[in-house]
Amino acid sequence: MRIWRHLPFALSSAWQNFWRNAGVSLAAVLSITLILVLAGASLLVGHALGQVLDSYRQRVSVLTISVADGTPLATVYDFADELRARPEVLDVLFGNGAS
């Protein structure tokens, strides 16, 4: 209960000291406000970019399969046909693997 008796004095004293040192007080308030705004904006932009990257990650997926040199070509073509038959596979490309 003692704290409630001193609270009005503390608040009026804080308000009075805020205006006595108005320049320093306003600079502190403005700098804290700017920091909070920048932190919030960076969190918002980071979240938005994460959502964009997740949507691209869901849409684009590349799978690379290496085949041994001695594998018969008919087996490779049969496997490619099996892949093309799957509904989630959009395209099957062949390459030499050299980059």
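**Figure 1. Ser31 in helix H2 of the predicted model.** Ser31 is found in helix H2, where helices (H or I, at least four residues) and strands (E, at least two) are DSSP runs numbered from the N terminus. With a relative accessible area of 36%, Ser31 is partly exposed; buried means under 20% relative accessible area, exposed over 50%, and partly exposed in between (1.4 Å probe, protein chains only). Ser31 and Gly46 are 15 residues apart along the chain, and their C-alpha atoms are separated by 22 Å. The structure is a predicted model, in which local features need pLDDT of at least 70 and side-chain atom pairs count only at pLDDT 80 or more, while totals for chains, interfaces and linings use all residues. Residues are numbered from 1 along each chain as its sequence is written, and side-chain values use heavy atoms, with hydrogens and water left out.

**Figure 2. Packing of helix H1 against helix H2.** Helix H1 (residues 2-20) and helix H2 (residues 22-59) pack at an angle of about 100°, and their axes are 5 Å apart. Axes are lines fitted to C-alpha atoms, for helices over the stretch in contact, and angles run from 0 to 180 degrees between N-to-C directions. H1 and H2 are therefore roughly perpendicular to each other; angles under 35 degrees count as roughly parallel, over 145 as roughly antiparallel, 65 to 115 as roughly perpendicular and the rest as oblique. H1 contributes Asn17, Phe18, Trp19 and Arg20 to the contact, and H2 contributes Ala22, Ser25, Leu26 and Val29, contact meaning heavy atoms within 4.5 Å. By class, the contact of H1 with H2 has 5 nonpolar, 2 polar and 1 charged residues. Here Ala, Val, Leu, Ile, Met, Phe, Trp, Tyr, Cys and Pro count as nonpolar, Asp, Glu, Lys and Arg as charged, and the others, Gly among them, as polar.

**Figure 3. Surroundings of Ser25.** Ser25 lies in helix H2 and, at 15% relative accessibility, counts as buried. Leaving aside neighbours within four places in sequence, Ser25 is in contact with Asn17 and Phe18. Of the 99 residues of the chain, 4% count as buried.

**Figure 4. Ile65 in the loop between H2 and H3.** Ile65 has its place in the loop between H2 and helix H3 (73-85). This residue, Ile65, is partly exposed, with a relative accessible area of 43%. Not counting residues up to four places away in sequence, Ile65 touches Phe79 and Leu83. Ile65 and Ala10, 55 residues apart in sequence, are 72 Å apart in space, C-alpha to C-alpha. The secondary structure of the chain comes to 3 helices and 0 strands, and its C-alpha atoms fill a box of roughly 90 × 35 × 20 Å, taken along the principal axes.
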